[in-house]
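Trainee: Please take a close look at one part of this model for me. I would like the annotated lid domain first, then whatever surrounds it.

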Amino acid sequence: MSVMIKESPISEKAMIEEAEKALADISRVRDSVGRVIFGQEAVVERTLVALLAGGHALLVGVPGLAKTKLVETLGIVLGLDSRRVQFTPDLMPSDILGSEVMEQDEFGKRSFRFISGPIFTQLLMADEINRASPRTQSALLQAMQEYHVTIAGARYDLPSPFHVLATQNPLEQEGTYPLPEAQLDRFLMQVDILYPEIDAERRILLETTGIDEARADKVLQPARLKEIQTLIRRMPVPESVVEAILKLVRSARPGQGNAETDKHVAWGPGPRASQALTLCARARALYDGRLAPSVDDIRALAEPVLQHRMALTFAARAEGTSVRDVVAKLAKGI
């Protein structure tokens with residue numbers, strides 16, 4: 001038995017035909033990205049899943065793990081107009097959103113004209129996002145959720161599709177401002193980037209220190225990406241998967257009858273986490289060549305979708321328990 005969540009009527013044959021075309025496109029995207037990014041298959045998968053699901057992603061890793069290179073490569077491969085903003089403590093909201101300037105015409109009449117900022121793009125890279133002040137970080141809140149910004153009372157719509165890929169260095173704490181929970185919740189997934197395996201690092205040494213360096217090719221157009229995103233929202237979700245999502249998310253909230261959660265978790269994920277799991281599970285299924293998600297997709301996505309939407313108690317942190325440990329135990333129980 002399957003449930004259909006906000007999808008347009010479409011025949012099974014047409015769905016299969018669209019899915020086969022999307023699979024071919026996704027395969028070419030993976031191949032193109034793989035020529036530039038080595039040994040980070042899980043990172044590439046999760047980041048692409050977030051984009052295919054139509055959301056934003058927070059990339060967390062120490063310096064030198066190709067976070068910036070990955071975002072630049074995805075912009076090229078997906079054919080998106082992309083811009084990069086280096087977040088610093090002195091960055092102001094107007095540096096991201098834009099501002100109004102006063103102009104005077106030849107007759108002496110003065111008027112205001114809006115000059116758009118770098119946020120008016122299809123793929124915004126917010127590099128080291130936690131280095132900016134909370135005031136500047138909040139400039140992204142409306143854009144990431146509502147896909148438009150308000151300047152001097154006027155609404156300005158952002159290009160479509162619009163995605164934010166933010167990077168964060170977990171090591172440096174001086175001169176940084178932790179992202180508020182409301183902003184973290186806007187990210188569909190938090191993607192942790194670890195050190196590469198030895199074979200991948202060997203390939204990095206050999207292929208990136210010579211004269212010729214591999215370059216990614218443009219594979220998709222923005223319109224085609226939007227078509228794939230629409231297809232993903234049309235994919236059926238089995239009832240078992242819906243129940244697994246509800247069980248997982250609700251068990252991560254204290255006061256819902258889970259003893260481990262009550263002991264370790266201060267506050268848990270809201271309904272947006274359930275929405276994110278549903279979309280990402282569909283996208284991961286298509287990424288793997290399947291027409292419907294499974295419970296295994298939910299287990300695989302539990303950590304990147306939930307870890308930035310939860311907080312541990314002081315006692316749990318003192319014991320050395322991590323959010324990943326809690327999420328892993330919860331995922332095993334679905």
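Mentor: UniProt, in an unreviewed entry, places the feature "domain: ChlI/MoxR AAA lid" at residues 262–329. Positions from UniProt follow the numbering used here, feature names are shortened, and annotations may be inferred rather than shown by experiment. The model is predicted, so local features need pLDDT of at least 70 and side-chain atom pairs pLDDT 80 or more, while totals for chains, interfaces and linings use all residues. Numbering runs from 1 along each chain as its sequence is written, and side-chain values use heavy atoms, with hydrogens and water left out.

Residues 262–329 are 65% helix and 7% strand. The end C-alpha atoms of this stretch lie 13 Å apart. Helices (H or I, at least four residues) and strands (E, at least two) are DSSP runs, numbered from the N terminus.

Now the helix pair. H12 covers residues 271–287 and H13 covers residues 295–306. They pack at an angle of about 130 degrees, and their axes are 9 Å apart. That makes H12 oblique to H13. Axes are lines fitted to C-alpha atoms, for helices over the stretch in contact, and angles run from 0 to 180 degrees between N-to-C directions. Under 35 degrees counts as roughly parallel, over 145 as roughly antiparallel, 65 to 115 as roughly perpendicular, and the rest as oblique. The crossing of H12 and H13 is right-handed. A crossing is right-handed if the near helix is turned clockwise from the far one by less than a right angle, left-handed if anticlockwise.

Which residues meet? On the H12 side they include Ala273, Leu277, Cys280 and Arg284. On the H13 side they include Asp296, Asp297, Ile298, Leu301 and Val305. Contact means heavy atoms within 4.5 Å. By class, the contact of H12 with H13 has 12 nonpolar, no polar and 3 charged residues. Nonpolar covers Ala, Val, Leu, Ile, Met, Phe, Trp, Tyr, Cys and Pro; charged covers Asp, Glu, Lys and Arg; the others, Gly among them, are polar.

H12 has another partner. H10 (residues 239–251) packs with H12 at about 145 degrees, with the axes 10 Å apart. This crossing is right-handed. Ile245, Leu248 and Val249 in H10 meet Ala273, Ser274, Leu277 and Thr278 in H12. Those residues divide into 5 nonpolar, 2 polar and no charged.

Next, the sheet. 5 strands form an open, parallel sheet in the order E3-E6-E9-E2-E10. Its edge strands are E3 (82–86) and E10 (189–192), each pairing on one side only. Neighbouring strands are turned by 20 degrees against each other on average, direction ignored. Two strands pair if DSSP finds at least two bridges between them. E3 and E6 (residues 123–127) have 5 bridges. Gln86 stands opposite Asp127 in E6. Helix H2 (residues 41–52) lies across E2, E9 and E10, running at about 165 degrees to E10.

There is also a hairpin. E4 (residues 98–104) and E5 (residues 110–116) pair in the antiparallel sense over 7 bridges. Between them are 5 residues, and Gly108 in the turn has a positive phi of about 85 degrees.

Finish with two backbone details. The peptide bond from Ser160 to Pro161 is cis, with omega near 0 degrees. Pro161 sits in the loop between E8 (154–157) and E9. Glu128, a residue other than glycine, has a positive phi near 50 degrees. Glu128 is in the loop between E6 and H5 (134–137).
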